[in-house]
Number of protein chains: 4
Amino acid sequence: MESLVDFAFDDSTQRLTEATREFIAEVILSVESDLVGDLHSISNAARLDLHHAAAVRGLLAPTAPLEWGGLGLDMRRQAPVLEEAGYSVVGPLAMNCAAPDEGNMHLLARVASAEQKERFLVPLVRGETRSCFAMTEPLPGAGSDPRALMTSAARVSGGWRINGRKWFITGAKTADFVICVARTKGSPGDAGGASMFLVPRDAPGMAITRNIETLDSAMLGGHSEVSFEDCFVPDDSVLGEVHEGFAAAQERLEPARLTHCMRWLGAARRARDIALGHSINREVFGSRLADLGMVQQMLADMEIEITASRTLVLRAAWELDVEGHAPQTTAITKVFVSEAVDRVIDRAVQICGAIGISNDLQLAQLYREVRPFRIYDGPSEAHRWVIAKRMVKSHRTLA
Amino acid sequence: MESLVDFAFDDSTQRLTEATREFIAEVILSVESDLVGDLHSISNAARLDLHHAAAVRGLLAPTAPLEWGGLGLDMRRQAPVLEEAGYSVVGPLAMNCAAPDEGNMHLLARVASAEQKERFLVPLVRGETRSCFAMTEPLPGAGSDPRALMTSAARVSGGWRINGRKWFITGAKTADFVICVARTKGSPGDAGGASMFLVPRDAPGMAITRNIETLDSAMLGGHSEVSFEDCFVPDDSVLGEVHEGFAAAQERLEPARLTHCMRWLGAARRARDIALGHSINREVFGSRLADLGMVQQMLADMEIEITASRTLVLRAAWELDVEGHAPQTTAITKVFVSEAVDRVIDRAVQICGAIGISNDLQLAQLYREVRPFRIYDGPSEAHRWVIAKRMVKSHRTLA
Amino acid sequence: MESLVDFAFDDSTQRLTEATREFIAEVILSVESDLVGDLHSISNAARLDLHHAAAVRGLLAPTAPLEWGGLGLDMRRQAPVLEEAGYSVVGPLAMNCAAPDEGNMHLLARVASAEQKERFLVPLVRGETRSCFAMTEPLPGAGSDPRALMTSAARVSGGWRINGRKWFITGAKTADFVICVARTKGSPGDAGGASMFLVPRDAPGMAITRNIETLDSAMLGGHSEVSFEDCFVPDDSVLGEVHEGFAAAQERLEPARLTHCMRWLGAARRARDIALGHSINREVFGSRLADLGMVQQMLADMEIEITASRTLVLRAAWELDVEGHAPQTTAITKVFVSEAVDRVIDRAVQICGAIGISNDLQLAQLYREVRPFRIYDGPSEAHRWVIAKRMVKSHRTLA
Amino acid sequence: MESLVDFAFDDSTQRLTEATREFIAEVILSVESDLVGDLHSISNAARLDLHHAAAVRGLLAPTAPLEWGGLGLDMRRQAPVLEEAGYSVVGPLAMNCAAPDEGNMHLLARVASAEQKERFLVPLVRGETRSCFAMTEPLPGAGSDPRALMTSAARVSGGWRINGRKWFITGAKTADFVICVARTKGSPGDAGGASMFLVPRDAPGMAITRNIETLDSAMLGGHSEVSFEDCFVPDDSVLGEVHEGFAAAQERLEPARLTHCMRWLGAARRARDIALGHSINREVFGSRLADLGMVQQMLADMEIEITASRTLVLRAAWELDVEGHAPQTTAITKVFVSEAVDRVIDRAVQICGAIGISNDLQLAQLYREVRPFRIYDGPSEAHRWVIAKRMVKSHRTLA
């Protein structure tokens, strides 16, 4: 049968999507309020309980490959499942498809050696361990511009010696191992020459020097500064090819951008549902809020932006599944969705008024949680810059 | 094989899309500048020449059913073809898939009798005749609110007598027949009771009373006021069921909204290409325009909005193909695309500066052409109102 | 000398403005970081220390009348002084011109009896006491629509008995007395019939039933629910005329809206300065951030919106000073400034990137603090509704 | 008396403002519809009739100095008068305060010699002659970046020989003399070295080579390309100092920006009045348009942006009056007002629906007229760039 534009999912994905929705509604929403505001420091036991509840329903690690213990969903199939998971900020954590572990599983599955997979990937998929990805450095180091990478790894007998400083490393505090990107060739500003290293949490010379307080509070472990001072790692710690770390990081980045979008889309839907319910149940000036034109405008704009976001995510997911790469489409999607989600939640807050900015509803938290999404994994401006450069490159002058 | 989200097209649609692109580039762009600004009053001979050029390449009437002489594309397949056609404002006219004829073909194919199809549809598909759709009335008549319909058709011996006044009837001046919506039951404000009539241009009592000057100038025949004074039409002029005109008009509306989006998306792409080319070829302050951050931001935003619009159109087209109806999704798509296209063209003008507001480029015209799109086929506000009402209706209160 | 448009200030206001700037820079910024994030619960001693520091420099209670111990500034003169104070979220508290006390001083000065002024106003101006204003009720009570007022005060021997429930009462937890608005005539929905009562914190029957956690954290005492259960107050507790509470509350509202704008404008300027400094000191992709076009666009938009906000505030202040009332202009100003300040701070966060969402800078807090400003003192939508109604009322049909 | 923020006008300005309002209402609005759409080519006789009508009421040349025959208003006093004049696109032309003559009068009054004033300024103020300002060149010549100036004037015996090409020269077709900016020193890209020349329309070697069709149509004479081929002008044609043309052009630019804002603000008010009247008189879905929330939102946003624009204009005008220069404030005002006016008119179109895009109302024309305002006198992006650079320059690092 020939290919033709289609938006339907196969039965098993539909079942999984529905099962995720039920899991969130029946299990997660009831525990959410106890955990929310405290996700930076949820206990290991509580996390394992959540994993167990997800595993019982067959919902653990949906994005990880089948052969390594996950549900093996491709990007398209991840879209509806991660959106349902993201309906609660606790959902992705419970199902072990939250950042940064989810992206790290993807990376390990692609570039790790067989031994590394057994040692690092398998327990990570099972939720027995946690990981983090240490790329970002204080300016003028690696950030929007990865080539600015300053942390270095020097060849020494039997391994490498890492020196440098990383920050905004999400999950470092709770990570059992760190994937550290360090320069093994060239100087800050050079386009290549990075390598990736698997560094166990107790590696001498690596230390968490600070937990950074931030606007958001739903990432397990929060965000930390990590220092490497003559931190030695043996040869088998190299993840992927030496000097090819930038390309490998890119492997991680495109799908990771997209899974962020999927999860946050769930948060946007949550906000819409809260605001919609509120607008139906409250009266002001003798009318239901939901019958006032300005509220209807906000409701409609929420729906428009959620629908547009969801179709863009599917478009990018399809391209990633089929082509393996989709740098322009994932960049477009990341910019659009991160900004749309922000507006959706802002409107939800506005519709709910005073109660919208209180913790009585989840909106005040969501308002805090989504703002960083326009910055991490590349600020909107960096993506727009790259999008425009690609446009110029591909432009053929009109006759 | 089970269904799964897909964005690819079958080979024949890809070939047709490519053929349309070539037709526009090779044939239409070279004659466009002679016609542009004058499309309200292009001669019949010139129009038939364009049709012939399209027919030679197998590109005439892509949206009309195969059995009635068209190319028989479903909504999804129409999307890329009409986008290519819309790359020039002359393209859809040349290929006989411009409004309002294209929507009228769709309507006739769905609800006309066999005799009506032979008499009205077949020559329309061939481009031998032109048509118009007379629904809108001066306020307080039918407009955003169709139920306000005031034009009436009274039962008389052997037929109906129509009285009323219509305005902003696109193409009336050049139409060989008018599809007139008139009330056959009830009073203005009632939800039902409309019927549709096929009125030949020489029907006594029907007159074009005024050509309305408007911001746009690319619709053949322009926009007119049409009056019906005791205009008699025989029984076989009724199109579809008596009293069921609102439902039938709705049949026309959903796909017509979407084909508008497809065509205007082509115009947006044209604007982007012009601005992109300009930004690459011009220098200011010692830099290429395309290398300035604020220009890059506008370029990227064009690309983001074009991509989002295109995916939304496909989403709605798929739903229409599969479900037969897609009122919420076509409304969402119409609002988003009409507003996005406007912004895309506005940015193109801004990037090109003084030359952007001159007729040296096509942007000044496009700027005028697309503005009405946020109003016709329902202003954005009317769609947002309906979108919000449907959201409220489908909301189930959260636990 | 005839009047003519002027934007200059007299010498003494300029000196006071400069003195405030120095006070914030020299005293407040150095203690701010210890207090920030904790303003909901700053100790009384710490607050009195701040007042003392302000008083020493002649900066205490700038908005209160001279005769009652304040600096007696009119609205225009308040504008630059409160903007400087607002440069730190601690500034207005230190100078005893923060909400809600500042508005309450204004109200007491206008409508309180001589005895009430001695007892309530004088110590409030000195900073010896704190107050709150209890108007807002849970829906369907008084909120955007004050007429929905449900809390009632019944005439009893020697006084009044108040029953009802208030929420989002800022500063209730730390208030020595509460100004409670209650209905003394008519039913919820009626346009008149409210009265205001001065209720001491230890009045039997009044209780703080809950502290409401919210997005913001810079209002001393936070926001609370307050219940009145057969709360008796004697006759001399009535503030202003019986049944005229709505009009009196309006007296408070217009200047209070405006002083909010003044203070938040200082916050916007702070955010701009932080982002500007950051953009000058950081490099990315080989350029200073401040030299990148997209950053320059954000910087310029900050400056444009700050300047427009400041001029609008002055316009409204002048009208209030001269006319006594400025309902349309203060509504316009409140909507514009509250939304502009939000955008300014959002851009500052974006420019600073990851560090912008951390507590290393003050931006993450400001981002949280200003969001409620689009809701309290009337959400933007309620103001827009009233603005439009006034436009319709004052419209004379064009010839 | 000490200075203090004031928004009132002296009596004579109030009278002049009122007289202008009456002139527009009583005289101009009735002839406007005959002229509109044709202002590019209004006859000289018709223009002189309009001037006469204005002169009879004492309203001719309000911006020109008293000693040269004008009303001698300073910038602040010009604001309300030019806003009233701009209520009709014909108003400023009638009162001889339209671009480009108005800016040229300002320039001549500042830098022309006594003889030049007698010969060029006096008849221009009287409306006996028309002028144009020839600065802009096709890229890569002078535009957003004046330093790119390519047109040159070479010293020859007894005068100068000008060579070069200008475009988008407004009013060239109807101008009796051209103020031409040409390079007398240095090369394109150099910061200085320009001079200005007064070139009579019949100067040999100067020719209008093309009239450029544009989106707008309300500038007398339209916009033209002008070529200089060995065009000789005698020594006394130099306007101002040799080599100091850039600085002198800047003298013209700041007030010219602001008078544009004043006039277009009148157009925005006109659009608001049309839309407001329409929304009061039309019903849809059983409600007045003016009672629908989404329409109220658009109405309120019009009012907010008009008010903010007007206060910004006054702020900049005051600064220009007092300081002589206000580069940052006029740039801020130009960006804000040009974009706000565009949005105001766009909303007016939207409120009026189909009739809004027809020539039945003036909105379709206004929609076309105001778009170029975001480009001419410097596109928004160029102004934002300069605004940001000034911010960086004036920033003192925070302690």
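In chain A, 23 residues of domain 1 are in contact with 25 residues of domain 3, where two residues count as in contact if their C-beta atoms, placed from the backbone, lie within 7 Å. On the side of domain 1 of chain A that touches domain 3 of chain A, helix 3 (75–85) and helix 5 (101–111) of chain A each supply at least two residues, and the largest share, eight residues, comes from helix 3 of chain A. Helices (H or I, at least four residues) and strands (E, at least two) are DSSP runs, numbered from the N terminus. Sorted by class, this side of domain 1 of chain A has 11 nonpolar, six polar and six charged residues; here Ala, Val, Leu, Ile, Met, Phe, Trp, Tyr, Cys and Pro count as nonpolar, Asp, Glu, Lys and Arg as charged, and the others, Gly among them, as polar.

The model is predicted, and local features need pLDDT of at least 70, side-chain atom pairs count only at pLDDT 80 or more, while totals for chains, interfaces and linings use all residues. Residues are numbered from 1 along each chain as its sequence is written, and chains are lettered from A and ligands numbered from 1 in the order in which they are written.

Seen as a whole, chain A has a secondary structure of 11 helices and 10 strands. Its radius of gyration is 21 Å, close to the 21 Å that the globule rule gives for 399 residues, so chain A is as compact as a globular protein of that length; the radius is taken over C-alpha atoms, and the rule is 2.2 Å times the number of residues to the power 0.38. The C-alpha trace of chain A spans about 80 × 65 × 45 Å along its principal axes. Of the 399 residues of chain A, 62% count as buried, a word used if 20 or more other C-beta atoms lie within 10 Å of a residue's own, with exposed meaning 12 or fewer and partly exposed in between, and with C-beta atoms placed from the backbone. Among contacts in chain A between residues at least 6 apart in sequence, 74% join residues at least 24 apart.

At 1.5 Å a residue, its 15 residues should span 21 Å, and its end C-alpha atoms are 21 Å apart, which agrees; the expected span is 1.5 Å times one less than the number of residues. The buried residues in helix 11 of chain A include Trp385(A), Ile387(A) and Met391(A). What covers the buried residues of this helix includes helix 9 (327–352) of chain A, helix 7 (245–281) and helix 8 (293–323) of chain B, and helix 8 (293–323) of chain C.

Between chains, 44 residues of chain B are in contact with 44 residues of chain A. Helix 8 of chain B gives the most to the side of chain B that touches chain A, with 13 residues, and this side has 27 nonpolar, eight polar and nine charged residues. Chain B can be laid on chain A with an RMSD of 0.0 Å by a turn of 180 degrees and a shift of 0.0 Å along the axis, the copies being superposed by least squares on the C-alpha atoms of residues with pLDDT of at least 70 in both. In chain B, the C-alpha nearest this axis is that of Asp6(B), 2.4 Å from it. Because 100% of the interface residues of chain B are also interface residues in chain A, the copies meet through the same surface.

Chain B also meets chain D, with 34 residues of chain B in contact with 34 residues of chain D. Helix 10 of chain B gives the most to this side, with three residues, and the side divides into 17 nonpolar, eight polar and nine charged residues.

Finally, in chain C, Arg270(C) lies in helix 7 (residues 245–281). Arg270(C) is buried, with 24 other C-beta atoms within 10 Å. Leaving aside neighbours within four places in sequence, Arg270(C) is in contact with Tyr87(C) and Gln362(C).
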